[in-house]
Amino acid sequence: MDGNGRWAKTHGKNRVFGHRNGVRAVRQTTEYCARLGVKYLTLYAFSTENWARPSAEVTALMELLVYTLRRETKELNKNNIRLNAIGDLSRLPKNCQKELAAAIENTSHNNRMTLTLALSYSARWEMTQAVKNIAQQIQSGSLAIEDINESLISSHLSTAGIPDPELMIRTSGEQRISNYLLWQIAYTEFYFTEKLWPDFDENELYKAIYTYQQRERRFGKVLEKR
Ligand code: IPE
Ligand code: MG
């Protein structure tokens with residue numbers, strides 16, 4: 001979800017105004033994805049690198065998160081959506097951690113779609129954690145080097161149990177990955193749009209999915225044509 005700051009600028013407002021309007025796009029996208037039958041939606045909300053932003057912006061984002069979680073849990077339950085979070089959550093302010101844990105707990109029975117928020121997340125952080133974890137298990141003797149394979153590595157990532165993404169959408173015209181799900185996107189289809197995140201709407205979502213549907217996914221193989 002990129003472009004909140006630029007969106008605010010085009011409206012002559014400060015960056016936080018952009019983030020607030022970004023929440024609207026989150027709410028809509030979540031609802032439309034659930035309606036379309038998407039089972040897993042993962043949103044990159046805050047990266048480990050984002051901690052280096054001015055502290056006023058970081059604080060505003062954390063407050064916005066608390067406020068939104070509090071306000072939206074009911075709606076998630078109404079729509080049968082389970083909330084999940086990945087990332088270095090211990091770095092979040094205590095009240096944020098509490099609110100997040102409560103929202104996750106309060107929606108844990110839902111099964112229509114899993115909405116995962118990547119918060120204080122980076123793929124390199126995640127992979128480093130996984131390597132430490134695996135190394136520890138080897139050191140303690142509960143795992144042998146021969147046991148290391150791709151699925152074991154996947155199971156040590158914070159996305160364990162979530163299928164690899166089929167489609168990744170990045171807004172605001174930037175064409176880079178920015179430390180997101182690096183292991184998981186090996187065969188993901190990418191969709192880049194110039195739209196700034198607060199302007200990302202139902203129409204844009206359908207366009208992205210339509211484009212995805214035109215792609216031929218070969219996973220490195222050759223598909224028989226008849
Ligand atoms: C994305 O919008 C939201 C977060 C990273 C929290 P940006 O804040 O990156 O907006 P731009 O890139 O400055 O326009
Ligand atoms: Mg940005």
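Arg-6 and Glu-174 form a salt bridge in this predicted model, with 3.2 Å between the closest N and O atoms. The two partners come from distant parts of the chain, 168 residues apart. Arg-6 belongs to helix H1 (residues 4–10), while Glu-174 sits in the loop between strand S4 (167–170) and strand S5 (189–192).

Arg-6 is partly exposed because its relative accessible area is 34%. Asp-2 has a relative accessible area of 18%, under the 20% cut-off, and therefore counts as buried. Salt bridges with shared partners connect Asp-2, Arg-6, Arg-170, Glu-174 and Arg-176 into one network.

Another salt bridge pairs the side chains of Glu-189 and Arg-217 at 3.8 Å, N to O. Glu-189 is in strand S5 and Arg-217 in the segment after helix H7 (202–214), so this contact ties together parts of the chain 28 residues apart in sequence. Glu-189 is buried, at 15% relative accessible area. Arg-217, at 21% relative accessibility, is partly exposed.

| Salt bridge | N to O distance |
|---|---|
| Arg-6 and Glu-174 | 3.2 Å |
| Glu-189 and Arg-217 | 3.8 Å |

How many salt bridges does a search of the whole structure find? The search finds 15, including the pairs in the table. Side chains of opposite charge can pair when their charged atoms come close.

How values were computed: Residues are numbered from 1 along each chain as its sequence is written. Chains are lettered from A and ligands numbered from 1 in the order in which they are written. This is a predicted model: local features need pLDDT of at least 70, side-chain atom pairs count only at pLDDT 80 or more; totals for chains, interfaces and linings use all residues. Side-chain values use heavy atoms; hydrogens and water are left out. A salt bridge is a side-chain nitrogen of Lys or Arg within 4 Å of a carboxyl oxygen of Asp or Glu. Buried means under 20% relative accessible area, exposed over 50%, partly exposed in between (1.4 Å probe, protein chains only). Helices (H or I, at least four residues) and strands (E, at least two) are DSSP runs, numbered from the N terminus.
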